[in-house]
Amino acid sequence: MGGGHYDRDAHEALTTTRVHKPREEVFAQRKMHPSLNPFGVAMRESRDSDNHPNSRAIILVMDQTGSMQDIPENLAKKTLPKLMTTLIDEGTLADPQVMFMAIGDAEASGEREESPLQAGQFESEGSLMDKDLTNIHLEGGGGGNEGESYDLALYFAARHTSIDCFEKRGEKGYMFITGDEPCFSRVSAKIVKRVIGDDIKRDIPIDDIIAEVSKRYHVFFLIPDLPRRQYAGCEASWRKRLGDNVIGQESPDDTSLVAATLIGLTEGTYSDLSEVAPALKKRGVNKDQAARVYRAVAQYAAAIGRGGERPAAEDKEPPTGQGKGRTRRL
């Protein structure tokens with residue numbers, strides 16, 4: 001997948017039409033859409049084409065449980081075009097291809113969830129990305145067991161995606177997981193069999209599946225705001241596994257810009273952190289949001305050696321120092 005052409009004006013117009021619509025109208029699915037059902041899927045593919053000879057795979061994993069539905073809503077109503085236009089205009093990635101996944105809680109107590117994992121296609125065209133995004137079933141379950149099924153998304157990315165950027169050119173894709181819960185300690189063989197259809201015989205330790213997917217993707221965990229960073233030990237749990245690739249945001253509205261900036265720092269679009277604030281200003285990002293994005297990525301920039309000099313106007317420490325100086329897990 002991943003053909004077509006990205007039309008920013010059409011994509012921005014599409015999101016603008018639904019700014020004031022209620023969430024239930026934008027996300028109208030009341031059960032898993034067949035196109036997002038991972039059961040029996042062999043591969044989701046990100047491929048080069050005549051239109052996109054340098055494809056780069058990006059996976060955006062949405063936690064669709066009740067406490068996290070503001071992220072997909074903001075993407076659908078306002079911010080998804082910011083991700084694409086920032087990457088393209090800054091020259092960071094020539095041909096980004098975005099795949100949406102959504103996770104719930106396959107291990108929740110009580111009634112079994114219908115949509116614990118949903119997986120779209122890699123797309124280059126805004127309308128097709130938007131279609132997969134808004135076809136997500138916001139089931140709104142979860143809770144009660146201090147974890148969500150992020151492990152299923154990691155497993156699917158590791159074993160059910162095929163990406164030309166890595167297979168042809170040795171360039172890693174990007175995987176951004178949004179969430180506010182710890183991860184489970186293992187990938188359950190029983191749940192994989194039920195949800196995806198694979199017979200893997202035994203459970204996989206979570207660190208092993210992270211190592212497997214990290215061979216082909218830069219993996220980040222984005223926590224949407226400050227209160228949710230401390231909720232149920234979320235940040236501490238993920239920092240044990242991803243180190244400085246855990247990103248604490250201050251607002252869910254910043255998700256697209258934070259993701260694009262992290263890619264820019266990793267790819268070297270920004271030689272150091274001092275170039276981030278001017279780039280955001282040039283793109284018309286207001287001062288308050290630019291400062292939030294800057295603070296969110298500062299710790300990661302320092303960890304990869306691109307911290308640089310802080311601009312005087314943004315000379316402020318990140319919200320916490322947890323994880324600073326840790327060895328990164330990519």
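Q: Is phenylalanine 221 buried or exposed?
A: In this predicted model, phenylalanine 221 is buried, with a relative accessible area of 0%.

Q: Which residues lie on each side of β9?
A: Tyr217, Val219, Phe221 and Ile223 are on one side, and His218, Phe220 and Leu222 are on the other. Both faces are covered. In a regular strand the side chains alternate between the two faces of the sheet.

Q: What does β9 pair with?
A: Strand β6 (residues 173–178) is joined to β9 by 6 bridges, and the two run parallel. Strand β10 (residues 246–248) is joined to β9 by 3 bridges, again parallel.

Q: How many residues of α5 are buried?
A: 9 of the 10 residues in α5, which spans 150–159, are buried. Among them are Tyr150, Asp151, Leu152 and Tyr155.

Q: Changing topic to rings: how many aromatic pairs are there?
A: The structure holds 6. One of them is tyrosine 150 with phenylalanine 221: the ring centres are 5.4 Å apart and the planes are at 90°, so the pair is edge-to-face.

Q: Which parts of the chain does that pair link?
A: Distant ones: tyrosine 150 is in helix α5 and phenylalanine 221 is in strand β9, 71 residues apart. Tyrosine 150 is buried, with a relative accessible area of 0%.

Q: And what are the distance and angle for phenylalanine 220 and tyrosine 300?
A: That pair is edge-to-face too, at 5.1 Å centre to centre with 70° between the planes. Phenylalanine 220 is in strand β9 and tyrosine 300 is in helix α13, 80 residues apart.

Q: Why do those two count as buried?
A: Buried means under 20% relative accessible area. Phenylalanine 220 is at 0%, and tyrosine 300 is at 1%, so both count as buried.

Q: Which residues form the aromatic cluster?
A: Tyr174, Phe176, Phe220 and Tyr300 form one cluster.

Q: Which residues have the most contacts inside the largest nonpolar core?
A: Ile58, Leu60, Phe100, Phe176 and Leu262. The core has 49 residues. Helix α13 (residues 287–303) gives the most to this core, with 8 residues.

Q: What does leucine 60 touch?
A: Beyond its neighbours within four places in sequence, leucine 60 is in contact with Leu80, Leu83, Val98, Met99, Phe100, Met101 and Phe176.

Q: How many residues are in the second core?
A: There are 44 residues in that separate core, including Val41, Leu154, Ile163 and Ala189.

Q: Last one, glutamine 118. Where does it lie?
A: Glutamine 118 lies in strand β4, residues 117–119.

Q: What does its side chain reach?
A: The side chain of glutamine 118 reaches the backbone nitrogen of histidine 137 at 2.8 Å.

Q: Which residues does glutamine 118 touch?
A: Not counting residues up to four places away in sequence, glutamine 118 touches Met32, Leu36, Pro38, Gln64, Phe100, Met101, Ala102, Asn135, Ile136 and His137. Of these, Phe100 is also among the residues with the most contacts inside the largest nonpolar core.

Notes: Residues numbered from 1 in each chain as written. Heavy atoms only, no water. Core = buried A, V, L, I, M, F, W, Y, C linked by side-chain atoms within 4.5 Å. Buried < 20%, exposed > 50% of the residue type's maximum accessible area, 1.4 Å probe, protein only. Helix = DSSP H or I, 4+ residues; strand = E, 2+ residues; numbered from the N terminus. Contact = heavy atoms within 4.5 Å. Pairing = 2+ DSSP bridges. Polar contact = N/O pair within 3.5 Å; in protein donor to acceptor, adjacent residues only side chain to side chain. Phe/Tyr/Trp six-rings, centres within 6.5 Å; stacked < 30°, edge-to-face > 60°.
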